[in-house]
Amino acid sequence: MIILVLLCLSGAEKTKCPSEHERPDELVSAGRMLVKNNRQEEAKTCFAKAVKAHPKYVPALLELGTMESKAQEFDQAVEHLSSAIRQEITPQALNNLAIVYQDMGSHTDSVNMYRRALKIDEDDASAHYNLGTALEKAGDFKAAVKSYRQAIELEPEEAKYYNNMGGSLAAMNKTELAERSYKWAIKLYPKFVDAYYNMGNLHLGTGKVEESIERLEQAIRLNPQHPKAKSKLADAKKELENKMEAFKTQVDDAIKKAEKMMKKGEL
């Protein structure tokens, strides 16, 4: 076992980026191997070498643009991915560029790229889902729901599609449909933490405080470190305390009123 590990490490260390005078496919292959070995900067340099020597080589442009996107070098990513699309229009290139635009906050551009990708392959469920997320961030919740439904038609057992659709439905104040959507997400994936959280948040907003607490506690049991569930649960418990206090006040007021009426002989 130790010998095998040492051999693997030795092979990883030997991987180097060839000279820019090598064939572009060899440069890209070396870059991908460096990525696999978690040597990101060296890989990026390798892809950049390939692009510099062969500016129209699509695989190198895609790899470099994707790495730049992950490094939040958005202007460079847009430049290289757009160049790849000018050479060859593919769903991968369009989807990658859409992701960059979405990360930049350019939601309209992101939506346009996803729609172009779907014209090439309208049966890509992930592309419909990604379009839905872009539309949701752009505030077009009705269109987002339509995209999520198209994704669901293609892949009806993918829980995240229902969860995201629930968010758009909730934003449109279609609370019953949103709750149904979250329930489907949980039915498909019983450990879906965000679906429990989202349903808890929905219940809290509609005054179903006890149900909200139940769902939020389920989320925390599944993920004790959930960034929002603990805070939202505290809000829900405070709301329940206020609700109970208000009820107690109403009861006390009713008793006092009845006692006064009895003294006056009105009861």
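Is C46 buried or exposed? C46 counts as buried, because its relative accessibility is 0% and the cut-off for buried is under 20%. Keep in mind that this is a predicted model.

Now look at what C46 is bonded to. A disulfide joins C46 to C17, with an S to S distance of 2.2 Å. A search of the whole structure finds one disulfide. The pair links distant parts of the chain, 29 residues apart. C17 sits in the loop between α1 (2-14) and α2 (24-36). C46 sits in helix α3, which covers residues 40-53.

The two ends of this bond have their own surroundings. C17 has a relative accessible area of 23%, so C17 is partly exposed. C46, as said, is buried. The bond also has a handedness. The torsion about the S-S bond of C17 and C46 is about 90°, so the disulfide is right-handed.

Next, turn to the backbone in two other loops. Start with N38, in the loop between α2 and α3. Its phi is near 65°, a positive value in a residue other than glycine. N38 counts as exposed, because its relative accessibility is 60% and the cut-off for exposed is over 50%.

Then move along to Q72. This residue lies in the loop between α4 (58-70) and α5 (74-87). Phi is positive here too: Q72 has a value near 60°, and Q72 is not a glycine. With a relative accessible area of 61%, Q72 is exposed.

Technical notes: Residues numbered from 1 in each chain as written. Predicted model: local features only at pLDDT ≥ 70, side-chain atom pairs only at ≥ 80, totals over all residues. Heavy atoms only, no water. Disulfide = S-S within 2.5 Å. Helix = DSSP H or I, 4+ residues; strand = E, 2+ residues; numbered from the N terminus. Buried < 20%, exposed > 50% of the residue type's maximum accessible area, 1.4 Å probe, protein only.
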